[in-house]
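Colleague: I'm new to reading protein models. Could you walk me through a few features?

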Amino acid sequence: MKNLPVFLPQRKQDELARVVEVIRAASEDVEMVILFGSYARNDWKEAADLAPDRKSGHVSDYDILVVTCQGETAYDTVLWEDAALECRRLGLSAHVRIIAHDIGFVNSRLAEGQYFFKDIRREGCLLYDSGSFALAEEEQMTPEQRHDIAQKYYEHWFKKSTRFYRYFEVGVEEKDFTGAAFQLHQSVESAYKTILLVLTNYCPHEHYLGVLGLMAEEQDGRLAGVFPQATEAERKRFKRFDYAYIGARYDPAYEMSEEDLNYFADRVRRLLELTEVICQEKLRSLAADAGDT
């Protein structure tokens, strides 16, 4: 792992230093702050780097892994959402995306050779380190173990995704459009988690589809454009759907029309089809690796 992103422009380094300040101010239980993703790899893109009429691709985020000592701190999603919001108030040149895990979780996944954390260890930049902990070394898993883990993830999460879609259909039949919106959101969340877990053996403690969708697209480009967001109207429509996780349960003013539900249902069916195809391809590849040993 690189110590500091000295290869980035100074303005980017200065912004990341401010991000670290916000994160450390948010909690005393911060052991490491690690930059990963495109900025750590130095293949990041800003809006000026992307064609206006592009079919895929997006502006790069500052992807940040916060490593805590206590699991309770890592699981406090409100804490990290507030920290990300505070970072947005800084007016930085890139959006800040924070995930948090405790050191025990991170090291157990590193020992398993989990792809996501292996990539972070290999490509990441350590922005802050308390010096209290060290990252674990990989303990080699057999190809059979990798296949079995991925298979169990697929069976569990894809079943959840298709079940939520059936619940959505019941909600529409009963004209419970708000409840149907929540079930449809859950179908998408479970589909993205299926893909991430099967392909990388990892998904974050995250419910926002915008975040999960970007992570899934990074793993397989066929997922790009399932939910079009090229125009302001499309982005606004998607954000309302993404808000269903909270709004459909807790916001009395939240509504979603039958027209919008039909619009998203078409795209969710496409997502489920792609999820099955992508995951089955990966499982066949893992099975072949196991057969070769």
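**Reading a loop, a helix and some cysteines**

Modeller: Let's start with Lys175, which sits in the loop between helix 7 (143–173) and helix 8 (177–200). Helices (H or I, at least four residues) and strands (E, at least two) are DSSP runs, numbered from the N terminus. This is a predicted model, where local features need pLDDT of at least 70 and side-chain atom pairs count only at pLDDT 80 or more, while totals for chains, interfaces and linings use all residues. Residues are numbered from 1 along each chain as its sequence is written, and side-chain values use heavy atoms, with hydrogens and water left out.

Colleague: What is phi of Lys175 near?

Modeller: Phi there is near 60 degrees, a positive value in a residue other than glycine. Asn42 has a positive phi too, near 65 degrees, and its place is in the loop between helix 2 (38–41) and strand 2 (62–68).

Colleague: Is Lys175 buried or exposed?

Modeller: Cut-offs first: buried means under 20% relative accessible area, exposed over 50%, and partly exposed in between (1.4 Å probe, protein chains only). Lys175 has 53%, so it is exposed. Asn42, with 39%, is partly exposed.

Colleague: Now a helix. Which residues of helix 10 are buried?

Modeller: The general idea is that an α-helix has 3.6 residues a turn, so residues three or four places apart point the same way. In helix 10 (residues 232–242), the buried residues are Phe238, Phe241 and Asp242. Seen down the helix axis, they fall within an arc of 100 degrees, so they line one face of helix 10. That arc is taken from the directions from the helix axis to the C-beta atoms.

Colleague: And which residues are exposed on the other side of helix 10?

Modeller: Those are Glu232, Ala233, Lys236 and Lys239.

Colleague: How many disulfides does a search of the whole structure find?

Modeller: A disulfide is a covalent bond between the sulfur atoms of two cysteines. The search looks for a pair of cysteine sulfur atoms within 2.5 Å, and it finds 0 disulfides.

Colleague: What about Cys203?

Modeller: For Cys203, the closest cysteine sulfur is in Cys279, 12 Å away, again too far for a bond. Cys203 counts as buried, at 15% relative accessibility.
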